[in-house]
Structures are given as structure tokens and as C-alpha cells.
Amino acid sequence: MNFKSSKGLTIAELVISLAILVVLGLVSSLYLINVRRNRALYADAYAILAVLRDAQQRAITQDSIVPDEHWGVHFYSTSTTTPFYELFTSPKGIGYPGQQYSRLILKSWVTFCNPTYGLAKDLHFENITGLPTDKSGLANETYVNVKLKDNPREYVEIRIDKQGSIVFTDRQDC
């Protein structure tokens, strides 16, 4: 038998191998970008959850410099600046702005879908009980939704029920 000795790869084999590597690299990078954005969404959701629980705990312990002030979290969604939320205190019935304690900004590819663009939302907690209230002092169930800017169908809902439980769940179609 006559076998031809081969000591390397042909140009066609190299081009095909390189093309396969490029396709695999693109698919991998797109997947990793999506994973990174989803992690940012959940990181912001957990941070909001922590600030809400902090405000609730401060209301329960009446951790305030001024008597009869209530703790709350202010959410602001705007198309001109990066959406933010902040922890604050204010006299009962007054609402935001009171004394602001910390302002936290959402990551650049995360935004609110509730409150919607241009609107603000205040969540107040009643002293001693930690129940969510509106400006009139009535117990009120409420929620905040956080989504990815480039994928509005997937979002996280942070809900505060009338009993004061604060939880978040995955949702579709914001």
C-alpha cells in the first residue's frame, strides 16, 4: 500500500477550525453577557429588599432622632438620570423628602417598571408594627418592579403585603 505522508494541516482545515472557534467564542460571550446582566438584576433586587427590611426594622425599633418620625424608602424612575432609591425619615403624614440617609443607584442596565418613567413612589413603615402605610396611615399592600432595560419581559417583583412581609419573585411581562 502506498500511504502519503502528512506532516501538517491544510489551509481549509485551519480555516474551518478557526471558524468553529470564532462561532463558539461569540456564543459563549453572548451567554456570559446575559448571565452578567441577570446577576445585576438580582443584585439590585436583593439590595432593594435589604433597604426595605432595614427601613422596616428601624420603624419597629423607632430608630429616629426626631420623635414621631416614620421610616420609608423613596423610589424614583426617570429617563434623564439613572433610577435610584433612598432611605429616609419624615414626620407622619408628610412623606418624602424628609431626612435622607442613603441614596442607591441602580446599575446602568437595570431600571424600574413600577414606578414607571418619570414617577416616584414612597413606601412608609408604621412605627412599632413595621406595617407598610400610605400618607394617611392606612395599611397598604404595595410592590416595586425591577427589570433589565434590554429585556422588559423578565423582571423581579418586590412585594410588601399588609402584614409587613417583604418578598420578591420572578415575573414575566412587565
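Here is a short chat about reading this predicted model.

Q: Let's start with the big picture. How many helices and strands does the protein have?
A: There is 1 helix, and there are 9 strands.

Q: What share of the protein's residues is buried?
A: Of the 174 residues, 35% are buried.

Q: Now the strands. Which strands pair with β2?
A: A handy general idea to begin with: in a regular strand the side chains alternate between the two faces of the sheet. In this structure, β2 covers residues 84-91. Strand β1 (residues 69-76) pairs with β2 in the antiparallel sense, over 8 bridges. Strand β3 (residues 99-105) also runs antiparallel to β2, joined by 6 bridges.

Q: Which residue of β2 stands opposite G72?
A: That's F88. For the pairing with β3, look at T89, whose bridge partner there is Q99.

Q: Is β2 mostly covered or mostly exposed?
A: Mostly covered: 7 of its 8 residues are buried.

Q: Let's zoom in on a loop. Where is N127?
A: N127 belongs to the loop between β5 (120-125) and β6 (132-133).

Q: Why does N127 count as buried?
A: The idea is to compare its relative accessibility with a cut-off: buried means under 20%. N127 has 15%, so it counts as buried.

Q: What does N127 touch?
A: Leaving out residues up to four places away in sequence, N127 touches A59, Q62, D68, E69 and H70. With E69 there is a polar detail too: a polar atom of the N127 side chain lies 3.0 Å from the backbone oxygen of E69.

Q: Last stop, the helix. Where is L21, and is it buried or exposed?
A: L21 is in helix α1, which spans residues 11-61. The cut-off for exposed is over 50%; L21 has a relative accessible area of 56%, so it is exposed.

Q: Which residues make the nonpolar surface patch that includes L21?
A: The patch is made by I16, I20, L21 and L24, and its area is about 410 Å².

Conventions
Residues numbered from 1 in each chain as written. Predicted model: local features only at pLDDT ≥ 70, side-chain atom pairs only at ≥ 80, totals over all residues. Heavy atoms only, no water. Buried < 20%, exposed > 50% of the residue type's maximum accessible area, 1.4 Å probe, protein only. Helix = DSSP H or I, 4+ residues; strand = E, 2+ residues; numbered from the N terminus. Pairing = 2+ DSSP bridges. Polar contact = N/O pair within 3.5 Å; in protein donor to acceptor, adjacent residues only side chain to side chain. Contact = heavy atoms within 4.5 Å. Patch = residues over 30% accessible without salt bridge, like charges linked within 9 Å, V, L, I, M, F, W, Y side chains within 5 Å. Areas by Shrake-Rupley, 256 points an atom, 1.4 Å probe, with all protein chains shown as cover. Salt bridge = Lys/Arg side-chain N within 4 Å of Asp/Glu carboxyl O.
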